[in-house]
Amino acid sequence: MDEPIPVTRDVDHGVAKLMPDVDRPRAWLLTVDGAPQSYVDLDDPTHLEFEYARRLAHVLDLAADAGRPLDALHLGGGALTLPRYLAATRPGSVQDVVEADHGLSALIAEELPLADDAGVRVHRADARGWLEDAPTDSADVLVADVFGGSRVPAHLTTLDYARHAERVLRPDGIYLANLADSAPFTFLRSQLATFRAVFEELLVIAEPAVLRGRRFGNAVLVAAHRELDTSALARRTAADVFPARVTHGEALRRFTGDARPVAEGDAVASPEPPGGSFGIG
């Protein structure tokens, strides 16, 4: 059997590389310009290598009764890690994935194709534009994992964007976003204020060292109109290899402080990771 070999290709927004995992026969790491974007195990889509992906998956696991199909909208595709996960854990789910990088979408379709019956439709479009045109009350979950290089684009950070997300979600739907920041958390706090203006329930999942300002890192923002099972989520995130903390309620309000929702004219991208925090090789 031939050993898998790395694949390198120029895509719309940089140079993409697919690198095989020597420890797992059909697993691949996707990077764009050296920044890790996705990890996929084709034999086991439930194996999530990245901690932030596991945290998103914990929320998805608790979004409805086990195995119940969900209608999902993913902003940002990468190698389709979470769509593959949902297809495996909730068969029958209907999923739309919006990926702005046409070259990247083509690479993944060729090298890491989905099964025909996966129920996943990939749309090559801008995430904000697609969201604005998406039907009202059409999604049970909306997962935002959009990075231009290593930064969340500015137009996906505003109050109008949050309102469009709320409109597309059903009344009991859940919004999830992968964000990244460090002290003094100007970006993360602004996102909390923005989504607090639209949703009643809000929480953040992150490693304690990140929230204490000791290092740059990922933070998963979760927003909904319904009460979330924070106890069950805290148990799951605490049991991970790199344990995370669930912050909500009064503690989250204190963390947000006097941050204000982001107006369209004030929007900026998330901060550049210092020293290539997420780069490899």
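Trainee: How many cavities of 30 Å³ or more are there?

Mentor: Keep in mind that this is a predicted model. A cavity is a set of grid points where a 1.4 Å probe fits but cannot get out. With the volume cut-off at 30 Å³ or more, the count is one.

Trainee: Which element gives the largest share of the lining of the largest cavity?

Mentor: The largest cavity holds about 70 Å³ of space and is lined by 13 residues. Among those nearest its centre are Tyr 175, Ala 177 and Leu 179. At least two lining residues come from each of β9 and α6. The largest share, four residues, comes from β9.

Trainee: By class, how many nonpolar, polar and charged residues does that lining have?

Mentor: Ala, Leu and Tyr count as nonpolar, and the residues nearest the centre of the largest cavity are Ala 144, Leu 156, Tyr 175, Ala 177 and Leu 179. For the lining of the largest cavity, the classes come to 10 nonpolar, two polar and one charged.

Trainee: Tyr 161 and Tyr 175 form a ring pair; what is its geometry?

Mentor: By the ring-pair rule there are six aromatic pairs. In the pair of Tyr 161 and Tyr 175, the ring centres are 6.3 Å apart and the planes stand at 75°, so the pair is edge-to-face. Tyr 161 belongs to helix α5 (residues 159-168) and Tyr 175 to strand β9 (residues 169-181), so the pair ties together parts 14 residues apart in sequence. Planes over 60 degrees apart are the criterion here, and the geometry is edge-to-face.

Trainee: Is Tyr 175 buried or exposed?

Mentor: Buried means under 20% relative accessible area. Tyr 175 has a relative accessible area of 2%, and Tyr 161 has 1%. Tyr 175 therefore counts as buried.

Trainee: Which residues do ring pairs link into a cluster with Tyr 175?

Mentor: Tyr 175 also pairs with Phe 195, at 4.6 Å centre to centre and 20° between the planes, and that pair is stacked. Since Tyr 175 lies in strand β9 and Phe 195 in helix α6 (residues 186-196), the pair ties together parts 20 residues apart in sequence. Ring pairs link Tyr 175 into a cluster with Tyr 161, Phe 195 and Phe 199.

Trainee: Which side chain makes a polar contact with the side chain of Asp 96?

Mentor: Asp 96 is in strand β6 (residues 94-98) and, at 15% relative accessibility, counts as buried. Leaving aside neighbours within four places in sequence, its contacts are Ala 72, Leu 73, His 74, Arg 121 and His 123. The polar contact, at 2.9 Å, is with the side chain of Arg 121.

Trainee: Which elements do the buried residues of α3 pack against?

Mentor: Helix α3 covers residues 102-111, and its buried residues are Gly 103, Leu 104, Ser 105, Ala 106, Leu 107 and Ile 108. At the start of α3, a side-chain oxygen of Asp 101 comes within 3.1 Å of the backbone nitrogen of Gly 103. The buried residues pack against β1 (7-11), β2 (14-20), β3 (27-32), α2 (81-89) and β7 (120-123).

Trainee: Which element gives the most to the lining of the second largest pocket?

Mentor: The second largest pocket has a volume of about 230 Å³ and is lined by 16 residues, including Pro 45, Arg 84 and Ala 87. The elements giving two or more residues to this lining are β4 (35-41) and α2. With three residues, the most comes from α2.

Terms used:
Residues numbered from 1 in each chain as written. Predicted model: local features only at pLDDT ≥ 70, side-chain atom pairs only at ≥ 80, totals over all residues. Heavy atoms only, no water. Buried < 20%, exposed > 50% of the residue type's maximum accessible area, 1.4 Å probe, protein only. Contact = heavy atoms within 4.5 Å. Polar contact = N/O pair within 3.5 Å; in protein donor to acceptor, adjacent residues only side chain to side chain. 1 Å grid on protein atoms, 1.4 Å probe; cavity = no way out; pocket = protein on both sides within 12 Å on 5 of 7 lines; lining within 4 Å. Points joined across faces, edges and corners; volume = space filled by probe spheres on them. Phe/Tyr/Trp six-rings, centres within 6.5 Å; stacked < 30°, edge-to-face > 60°.
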